[in-house]
Amino acid sequence: MAKTSNLGYPRIGEQREWKKTIEAFWNGNLDKEQFLQKIKEIRLQHLRKQQQAGLDVIPVGDFSLYDHVLDTSVTFGLIPKRFTGNHTDSLTTYYEIARGGKNLVASEMTKWYNTNYHYIVPELEGQTPRLVENRALALYLEAKEELGIDGKPVILGPFSFLKLSKGYEAEQFADILSSLIAPYGQLLGELQEAGVKWVQLDEPSLVTTITKEEIGLVKSVYKQLRSQAPDLSIFLQTYFDSVSFYEEVVTFPVNGIGLDFVAGYEENIKQLQNHSFPKDKVLGVGIIDGRNIWKADYKQIVNIVNEIKEIVPSHHIWLQPSCSLLHVPVTIKNEEKLDPTLKAGLAFADEKLQELQDLKEIIDHPDSEHSQQLLKVNEAALKALAQSSWRTEHEQTNDNRITDRAVPFAKRYALQAEKWKLPVLPTTTIGSFPQTAELRKARKSWRLGELSNEEYEALIKEKIQYWVNIQDEIGLDVLVHGEFERTDMVEFFGEKLAGFAFTTNGWVQSYGSRCVKPPVIYGNVEFIEPMTVKETVYAQSLTDRPVKGMLTGPVTILNWSFVRNDLPRKEVAFQIADALIQEVQALEAAGIEMIQVDEPALREGLPLKKENWDDYLQWAVTAFRIATAAVANTTQIHTHMCYSEFGDILPAIHALDADVISIETSRSHGELIQDFEHVGFDKGIGLGVYDIHSPRVPSQEEIEQVIHRALSVLPANLFWVNPDCGLKTRGEAETVAALKNMVQAANKYRCLTPTTI
């Protein structure tokens, strides 16, 4: 009989208890002892739920106080040098690495593979890894002692950990990987001594484009790890795509291998059929989608598992999600406002655990009355969704899309320079300004009907006027209205377009304690009416300086939503783009002729194998151009991207044909600038000059250093000065202080290049 196993569970809690507890500690409302006790209660509750769900194998150690990659760094004593010696309290140091501290720049944060989860990038800096704290063992013992759970510790594997790290040269890779063997081996040895039966080593980098040499190195590492814990069953877990070098990976000296049969189904099943599977290993069959929220198709999955059973016996199969359930909300049970047909077609984390149990029952007892009933109910729910009017009406293909601006950039930019007459090194922000507790409370009251539309709109206007005045006083050259009417940059637009639904509590972790509530694209996307014109036009009426219209781009809306799985993602992106160009034109018609269409999620949608990049980039770039190309030559299109490794897709970024592109560089300490030294860039570009995700205020000198570095490789007449992201989560005092320093830094360099652009 097959077993059921989970790879990881959402940290945040049904009501975001985890987030609220962490932020209460940061704000001084909980002391350390109270904080750790509350966190323990949350952690145990998550384990208890999985225990009650009937899982055969329950993960422990996947829980984190911020980020599991940061946990791995701390476990092995890899603390960036600037954070060492500042505190005796390790928890304070832990959070300073993630968030920064007084005069301490936070570690870089970037996307976890091709998801919208952000991890803290390890900084190796020539340090020697050593086991400082066996966190996995502590959490295993806690689960066993408190709940009687003989859990499966989850640890980020050494190869993936190093691949996700920075601070070394390519030729050092093998030596550094070798240096990880001893501390990893010690950790595993201690788990073995404590009686742990299975340990899960996550190696998602094994699904990326890697070399034959690297596979040889990884195999050697696992041989040595095996020798240090010979009696411990090691489960090598991959996800997000098909494993590379399948034939070699299945020979690794491990006891089980987990494969993704959702994102990597076609290649993984082909490799399994062509090259079989070792008889002495367990196969983790990832057949429940861990990254989307649609109900599983039981009949289809049973067929897949039956294919696999022809190669692997049932008692060597673990039924699993395709990846950790970190990427989906906790439970559907509290979603009382969703349409019943839609709700019946959804499954969040808790429901996915139930799906595993259902599938185990169906696979082990296919002819039982219970199994047949489970299949019948599942099929009816999926059929009702597929036949709903949301998916069968108004389908259209637009064959007359405009994807090219009327004239090339050089001519447009000259016309725009004449129109706007901006100084050299123009200053601006990315879009949002601080949203206070008062504003969030008012928005909630408005949604509940306790505040009238007129009262709410008056409050929004008051906030817009307040921050337009501040921007004028600071001396910013291009202003924004502040986005005070928006909860989230994707949710806001989804609420105003056809084809989107919204959950009440469908939160997922984005980074640290920051949670987002992705919209659900369940039907055909269509423009209904202007979405941003009123607030932007009002802001423009308050100032003589240009105000940018602010939109979220089609690829980001796609990648930051839970997307219907019955259409190719490309087609959904084009539907969104068709709607957005109508909004762009509405802004233009209202006199707003600087329009920013943000695409921070462009890169995160890349397939993990480089050989599959071209197709994605082609349609992603096309979607952006559909949303922006049909405007006047003097209308200046901006876009923004942040917190990803953009250097290797600069040609695609250039192909967007935006007039001005702003890209984060502050938290990566300006490393993207190195790419411009080799590639160059001949369009307007703003490199984020300070990190908005840290509460510290950067000095003018720090910002000057970033500007100086950028101007060494980029022309001043194309360079813009801006923060690296929106300012919604920051406080007013720090926002104003940072922007003043930014403007002063720009003015200093402006004096050195006294021309206009």
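At roughly what angle do the axes of helix H14 and helix H15 cross? In this predicted model, the axes of H14, which covers residues 349-364, and H15, which covers residues 369-386, cross at roughly 130° and come within 9 Å. Angles over 145 degrees count as roughly antiparallel, and 65 to 115 as roughly perpendicular. H14 and H15 are therefore oblique to each other. Their crossing is left-handed. On the H14 side, the residues in contact are Asp358, Glu361 and Ile362, and they meet His370, Ser371, Leu374 and Leu375 of H15. Sorted by class, the residues of this contact of H14 with H15 comprise 3 nonpolar, 2 polar and 2 charged.

A further pair of helices may now be considered. Helix H3 (residues 68-75) and helix H4 (residues 90-99) have axes that come within 11 Å and cross at roughly 130°. That angle makes H3 oblique to H4. The crossing in which H3 passes H4 is right-handed. In this contact, Leu70, Asp71 and Val74 of H3 meet Tyr94, Ile97 and Ala98 of H4. The residues of the contact of H3 with H4 divide into 5 nonpolar and 1 charged, with no polar residue.

From H1, the contact draws on Glu17, Trp18, Thr21, Ile22 and Phe25, while H2 contributes Lys32, Phe35, Lys38, Ile39 and Ile42. The classes represented in the contact of H1 with H2 are 6 nonpolar, 1 polar and 3 charged residues.

How many cavities of 30 Å³ or more does the model contain? The count comes to 9. The largest cavity holds about 520 Å³ of space. It is lined by 31 residues, of which Met489, Arg514, Trp560, Cys725 and Gly726 are the closest to its centre. Three strands each supply at least two residues of this lining: E12 (508-511), E13 (514-516) and E15 (549-552). Which strand gives the most to the lining of the largest cavity? It is E15, with 3 residues. The lining of the largest cavity contains 13 nonpolar, 12 polar and 6 charged residues.

The second largest cavity has a volume of about 330 Å³. Its lining consists of 25 residues, and those closest to its centre are Gly61, Asp62, His68, Val154 and Leu156. At least two lining residues come from each of H3, helix H5 (135-147) and strand E5 (152-156). H3 gives the most to the lining of the second largest cavity, with 4 residues. By class, the lining of the second largest cavity has 13 nonpolar, 7 polar and 5 charged residues.

Key. Residues numbered from 1 in each chain as written. Predicted model: local features only at pLDDT ≥ 70, side-chain atom pairs only at ≥ 80, totals over all residues. Heavy atoms only, no water. Axes fitted to C-alpha atoms, helices over the stretch in contact; angles between N-to-C directions. Parallel < 35°, antiparallel > 145°, perpendicular 65-115°, else oblique. Left-handed = near helix turned anticlockwise from the far one by under 90°. Contact = heavy atoms within 4.5 Å. Nonpolar A, V, L, I, M, F, W, Y, C, P; charged D, E, K, R; others polar. 1 Å grid on protein atoms, 1.4 Å probe; cavity = no way out; pocket = protein on both sides within 12 Å on 5 of 7 lines; lining within 4 Å. Points joined across faces, edges and corners; volume = space filled by probe spheres on them.
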